[in-house]
Amino acid sequence: MPGQGIAVSEGFGYLLDPGLREVFWGEYNAIASLIPSLFNVQGSDKAVEYDLGIGDMSDFENFSNIGRVQYDTPEQLWRVSYTHTEYAKGFQIERKLYEDNLYSVMNDRAVDLGRSAWRTREKKGASMFNNATATAGYDGVALVSNSHPLSPSNATTQDNYFALALSSANLSTVRLAMMKFTDDRGNLANVMPDLLLVPPELEETAWQIVENPTRYQPGSANLTAEFHQGRYQILPWNQLTDTNRWFLIDSRLMRRFVKWYDRVPLEFANIEDFDTLVAKWRAYMRFSFGWSDWRWIAGSEPS
């Protein structure tokens, strides 16, 4: 830190940058993100990424009866687009703050920017679940809906939207319904839910269902073995805004169909304005996210 009357040969923004950069990234990485746990995160070198849905194949035929391979022609389903959005925020530091040794003030701005970057990504990712019953997807209905069409040519619908509170019995109901989801040809989609995503308000209820070996069965003098014990990972997320809505998820299918593209990973840069004696730091990122199929999830909340 220069004393009074001592010239500064380098710009003060340049001298501050290493320290503020460390503070920024330290705050951004301080809390683990749930994005990698719920999205298949990957890079992108395009303005828009596309995912084309292809229908399933029918069962194998008996080769001995036919004598030749039968070639299937799956139906082309919907095309999903992932259009990257830019996000940016910055802060400014006046030279007098640097000269007056006000490091706490300058560091706080870097901390706040790092926290803002982390929070923005989490809130955007959580919006897919917070708007799960409202935002239309590739098939014209919301991610969680009672009217998912089987295919563009088959208007028969399926339902992954339930009006049930979180309980052992209702978890069984949703689990069985998910295991009966079918593909576009009506064959079972082999859904096996293993993840319970809940807001913090339902975490204790989820724990009582999944972690307890027994539960009380009304009318019985004895405790009953808990069927759900150890079947699901419980994932609480404080970014979920509906305190009563919970989601049951097949994590294997989720990793296949739920995508997050980082077109430009989070970056941190600075510049100093010569005339105003103000140094500027900004953070920038560009990403997109969404889903290419709905069968990995069911959502429920009491009506």
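**Close-up 1. A buried pair: Asp262 and Arg121.** Asp262 is buried, with a relative accessible area of 12%. Asp262 forms a salt bridge with Arg121, and the closest N and O atoms are 3.1 Å apart. Asp262 sits in strand β13 (residues 258-273) and Arg121 in helix α5, so this pair ties together parts that are 141 residues apart in sequence. A salt bridge here is a side-chain nitrogen of Lys or Arg within 4 Å of a carboxyl oxygen of Asp or Glu. Helices (H or I, at least four residues) and strands (E, at least two) are DSSP runs, numbered from the N terminus.

A quick note before moving on: this is a predicted model, where local features need pLDDT of at least 70 and side-chain atom pairs count only at pLDDT 80 or more, while totals for chains, interfaces and linings use all residues. Residues are numbered from 1 along each chain as its sequence is written, and side-chain values use heavy atoms, with hydrogens and water left out.

**Close-up 2. Asp242 with Arg245.** This salt bridge has its closest N and O atoms 3.9 Å apart. Asp242 counts as partly exposed at 23% relative accessibility, whereas Arg245 counts as buried at 9%. Elsewhere, salt bridges that share partners join Glu27, Asp112 and Arg115 into one network. The whole structure has ten salt bridges.

**Close-up 3. The largest pocket.** Its volume is about 570 Å³. The lining takes 29 residues, and Ile54, Asp56, Arg256, Phe257 and Asp293 lie nearest the centre. The elements giving two or more residues to this lining are β2 (48-54), β3, β5 (148-151) and α8 (251-257). Sorted by class, the lining has 14 nonpolar, five polar and ten charged residues. (A pocket, on a 1 Å grid over the protein atoms alone, is an open set of points where a 1.4 Å probe fits, with protein on both sides within 12 Å along at least five of seven lines; lining residues have an atom within 4 Å of a point.)

**Close-up 4. A nonpolar patch around Val69.** Phe63, Val69 and Tyr71 make a nonpolar surface patch of about 400 Å². Patch residues have over 30% relative accessible area and no salt bridge, and nonpolar side chains (Val, Leu, Ile, Met, Phe, Trp, Tyr) are joined within 5 Å. Val69 is in the loop between α3 (63-66) and β3 (76-83), and is partly exposed at 46%.

**Close-up 5. Two loop asparagines.** Asn190 is in the loop between α6 (168-179) and β8 (195-198). Its phi is near 60°, a positive value in a residue other than glycine, and Asn190 is exposed, at 57% relative accessible area. Asn212 is in the loop between α7 (203-210) and β9 (214-216), and is partly exposed at 25%.

Terms used:
Patches are made of residues with over 30% relative accessible area and no salt bridge: like charges are joined within 9 Å, nonpolar side chains (Val, Leu, Ile, Met, Phe, Trp, Tyr) within 5 Å. Accessible areas come from the Shrake-Rupley method with a 1.4 Å probe; for residues, only the protein chains shown count as cover. Buried means under 20% relative accessible area, exposed over 50%, partly exposed in between (1.4 Å probe, protein chains only). Grid points are joined across faces, edges and corners, and a volume is the space filled by probe spheres set on the points. Ala, Val, Leu, Ile, Met, Phe, Trp, Tyr, Cys and Pro count as nonpolar, Asp, Glu, Lys and Arg as charged, and the others, Gly among them, as polar.
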